[in-house]
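Hello,

Here is the structure I said I would pass on. Please look through it first; my notes on the side-chain contacts follow below.

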Amino acid sequence: MPGVPLYRKTAVSGVTQTGSLQWLNPDAFASVVDPGTGACTGGDSPTTCQFGNSGRNNYRGPHFTYSEVYVTKKIPITEHVTFRFDTQIFNLFNHPNFTLPTNQAGTPGEPATQTGFGALTSTISPPTGLLGVGLGGDSSPRMIAFQGRVEF
C-alpha cells in the first residue's frame, strides 16, 4: 500500500500473536486471496487477482549475528610431551537469531485476516555449532566445550 511504512516493531492488536515479535507492518501489504473463501478478493479477474507491484528483495528479515571463539593453550610437561587444553565457545554473546517473518498477508484494516502476518515466531540455528551441521540439534544458544589431551 503506497505511503504506509513497511516495518513495524510494535505489536498490532488482533494480528501479533502472543510470544512473537512484529517485524513487518501488515497494513502495508494486501492479499489478493480472501483467507475465508480461498478465492480472489473482488472476483476472479485479471484486475483483482494478480500479484502485487513490489520488487524482488525489497524486504529484509532481522540481522543474523553469530560469534565463535576457539582458544588453545599448550603446556610442556617434558621435552617430548605436552598437554593441550582447548576451549570452544559458540554464540559467544548469546544473541538470538530469528527466522524470516511469516508471509501470509490479509486485508488491510481487517485484523482477523492478518493474524500472525509479518511476525518473528522462532529462532534459527547457525550453520555451525557444537552439535554439528544438520544433525537436528538446536545450536542457537551459547555453548562452551572444553578439551584436554596429552600429545607426544
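Searching the whole structure, which is a predicted model, turns up four salt bridges. One of them is between K74 and E151, whose side chains meet at 3.8 Å, N to O. E151 has a relative accessible area of 23%, so it is partly exposed.

E151 also forms a salt bridge with R149, with 3.1 Å between the closest N and O atoms. R149 is partly exposed, at 33% relative accessible area. Another salt bridge joins D86 and R84, where the closest N and O atoms are 3.1 Å apart. Both D86 and R84 are buried. Through shared partners, salt bridges join K74, R84, D86, R149 and E151 into one network.

Now the aromatic rings. There are three aromatic pairs in the structure. In the pair of F64 and Y66, the ring centres are 6.5 Å apart and the planes are at 40°, so the pair is tilted. F64 is partly exposed, because its relative accessibility is 44%. F85 and F146 form a stacked pair, with 6.0 Å from centre to centre and 20° between the planes. That pair links distant parts of the chain: F85 is in strand β3 (residues 82–90) and F146 is in strand β5 (residues 143–151), 61 residues apart. F85 counts as partly exposed at 32% relative accessibility, and F146 as exposed at 57%.

Regards

Notes:
Residues are numbered from 1 along each chain as its sequence is written. This is a predicted model: local features need pLDDT of at least 70, side-chain atom pairs count only at pLDDT 80 or more; totals for chains, interfaces and linings use all residues. Side-chain values use heavy atoms; hydrogens and water are left out. Rings of Phe, Tyr and Trp (its six-membered ring) pair if their centres lie within 6.5 Å; planes under 30 degrees apart count as stacked, over 60 as edge-to-face and the rest as tilted. Buried means under 20% relative accessible area, exposed over 50%, partly exposed in between (1.4 Å probe, protein chains only). Helices (H or I, at least four residues) and strands (E, at least two) are DSSP runs, numbered from the N terminus.
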